[in-house]
Amino acid sequence: MKKPLALIIEDDPRLADIFSESVKFVGYEIEIIQDGQEALNRLGEVVPHLVVLDLHLPNVMGDEILRFIRSEKKLDGVRVMLATADAFRAKELKDSSDLVLLKPISVKQLRGLAQRLKPTT
C-alpha cells in the first residue's frame, strides 16, 4: 500500500526535520518545503493527505497557503495541522484548520496527532 503524503511547510530546518521525522514515524511519505511560494507551487501539483503548516514563512505567509488549500476543490480532503508560535493568529485560524499546535511542540504530541489524522485504509 502506498504511504499517504505529508507536506511539512516550515522554514526552520531544525523544526522541519523534527516534524518530518515525527510524521514519517507513523507512516507518511514526507516532503519538506521551506518557502511559502514553493509550497503553493507544490500544492498545485500534488494532493497531500496532511500539511503541517507554519504561519511565518518567506515569500508567502502560512495563512495565505491555508486559504488556498481551503479554496481549491481538489484539496478538499487535505488535513491541515498549524504549527506556530503565534497564538493570536492561531486562534484566528483555528476554524480553518484541523488542528492547531503551539510551539514548542513535542515529538510525542506530533506523532500522536499525525497518527489520528492518518487515513485508515
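Q: What is the accessible surface of the chain, and what share of it belongs to carbon and sulfur atoms?
A: The surface comes to about 6,500 Å², and carbon and sulfur atoms hold 52% of it. Areas come from the Shrake-Rupley method with a 1.4 Å probe; for residues, only the protein chains shown count as cover. This is a predicted model, in which local features need pLDDT of at least 70 and side-chain atom pairs pLDDT 80 or more, while totals for chains, interfaces and linings use all residues. Residues are numbered from 1 along each chain as its sequence is written, and side-chain values use heavy atoms, without hydrogens and water.

Q: Which order do the elements of the chain follow from the N terminus on?
A: They run β-α-β-α-β-α-β-α-β-α, with helices (H or I, at least four residues) and strands (E, at least two) taken as DSSP runs numbered from the N terminus.

Q: Why is the chain called as compact as a globular protein of that length?
A: Its radius of gyration is 13 Å, close to the 14 Å that the globule rule gives for 121 residues, so the description holds. The radius is taken over C-alpha atoms, and the rule is 2.2 Å times the number of residues to the power 0.38.

Q: What makes N59 exposed or buried?
A: Exposed means over 50% relative accessible area, buried under 20%, and partly exposed in between (1.4 Å probe, protein chains only). N59 has 66%, so it is exposed. N59 lies in the loop between β3 (50–53) and α3 (62–71), and has a positive phi of about 75° although it is not a glycine.

Q: What percentage of the 121 residues in the chain is buried?
A: Buried residues make up 46%.
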